[in-house]
Amino acid sequence: MIVAIANNFALEPEKGLAEGKRIPFSIWVCPNPICKCQQLTLFLDPRPATPDAGIDAAPRSEFSFDFRKGCVSKAPKQSAAANKRVDDFLEGSSKADFDELLEIFKAKKQSIIYEGPLSEVPEDWHENFDASVLIGFHELFPLADHLQFEYDGVQYWVEDSYCIREGCDCRKMSLSFARTPKNANNSKIIKLVSECAARFDLADSSFHSEKPKDSAKIQTLMAEFFAQCPGAKSRLEKRYARVRQLVAERPSTKSNRVNSTMEYPKVAVAASRIGRNDPCPCGSGKKYKKCCGA
């Protein structure tokens, strides 16, 4: 069983050679908020000898657990005694203990994503993205929590996308709705397939469908999303602010600043082929061939 002690933790093994012995430990999580690694490093505190109780001294030990790969890595050049203590920790840990470690990792990672310093973000992070289109929050922060709700017996995830151009001060974003994948509870990073999307304005909470034919569905899903997630707008505000902070503090080495000739980028969502005489999906009211398809 894992328990919290002060600002750290301890394992109280219920099996193995270490049964009945508390093993205090601290943790380390990668401080880069845009990193997608899922590795948690544990430092087992040294244990002083207690001769009267027949307990020998134990050295400080270190190992890492990768939740995605499900493997353990001991610190290189660690003493045999230190490795033995790691073995005792692992032997005394149950599946519930590792589930608890995963929750500890997730909580720490969310703190880093939303509140940690951005100095760990590589200066060339922009090179992975096209600043002319909206970028999903999970594309920027792969391990961020998901916005989700249920409608008509279906679980939906909401992917929020933002502009990452320097100097942009618009308050608009895209909200794409996708069915929650069956493997959503595992540790793999999942790429969502959007069913429909809405352009949402944080300034006045107005929105419209990215595709006119989806307007009725968007009206329903947006209403359900905000009804079931009362704090949804505050979370979107927080995520928007984090994206803008990232752009401001880690500017691109290449110029992607807004200029007067650039139009607000259109969002790419999964869709069927648009006919030349169909209404333009940008919402202009014109035929596609006389608007974006010209």
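Is Cys30 buried or exposed in this predicted model? At 14% relative accessibility, Cys30 counts as buried.

**View 1. Cysteines without disulfides.** The predicted model holds zero disulfides. Cys30 takes part in none, and the nearest cysteine sulfur, that of Cys35, lies 3.9 Å away. A pair of cysteine sulfur atoms has to be within 2.5 Å to be counted as a disulfide. Cys30 is buried, with a relative accessibility of 14%, whereas Cys71 is partly exposed, its relative accessible area being 32%.

View 2. Cys196 is found in strand β11, which covers residues 196–201. Cys196 has a relative accessibility of 2% and therefore counts as buried, the limit being under 20%. Apart from neighbours within four places in sequence, Cys196 is in contact with Leu175, Ser176 and Phe177 and also with Asp214, Lys217, Ile218 and Leu221. Ser209 is 13 residues from Cys196 along the chain, and the C-alpha atoms of the two are separated by 7.9 Å.

**View 3. The two faces of strand β11.** Six of the six residues of β11 are buried, so the strand is largely enclosed by the rest of the structure. Both of its faces are covered. One side carries Cys196, Ala198 and Phe200, and the other carries Ala197, Arg199 and Asp201.

**View 4. Strand β11 and its pairing partners.** Strand β10 (residues 172–179) pairs with β11 in the antiparallel sense over six bridges. In this pairing, Ser176 stands opposite Ala197 of β11. Strand β12 (residues 207–209) also pairs with β11 in the antiparallel sense, over three bridges. Here the bridge partner of Arg199 is His208 in β12.

**View 5. The hairpin of β11 and β12.** Strands β11 and β12 form a hairpin, with five residues between them. Ser205 lies in the turn and has a positive phi of about 65°.

**View 6. Helix α5.** Helix α5 spans residues 232–249 and has 18 residues. From its first C-alpha to its last the helix reaches 26 Å, close to the 26 Å expected at 1.5 Å a residue. An α-helix has 3.6 residues a turn, so residues three or four places apart point the same way. The buried residues of α5 are Ala232, Leu236, Arg239, Tyr240, Arg242, Val243, Arg244, Leu246 and Val247.

Notes: Residues numbered from 1 in each chain as written. Predicted model: local features only at pLDDT ≥ 70, side-chain atom pairs only at ≥ 80, totals over all residues. Heavy atoms only, no water. Helix = DSSP H or I, 4+ residues; strand = E, 2+ residues; numbered from the N terminus. Expected span 1.5 Å × (residues − 1). Buried < 20%, exposed > 50% of the residue type's maximum accessible area, 1.4 Å probe, protein only. Contact = heavy atoms within 4.5 Å. Pairing = 2+ DSSP bridges.
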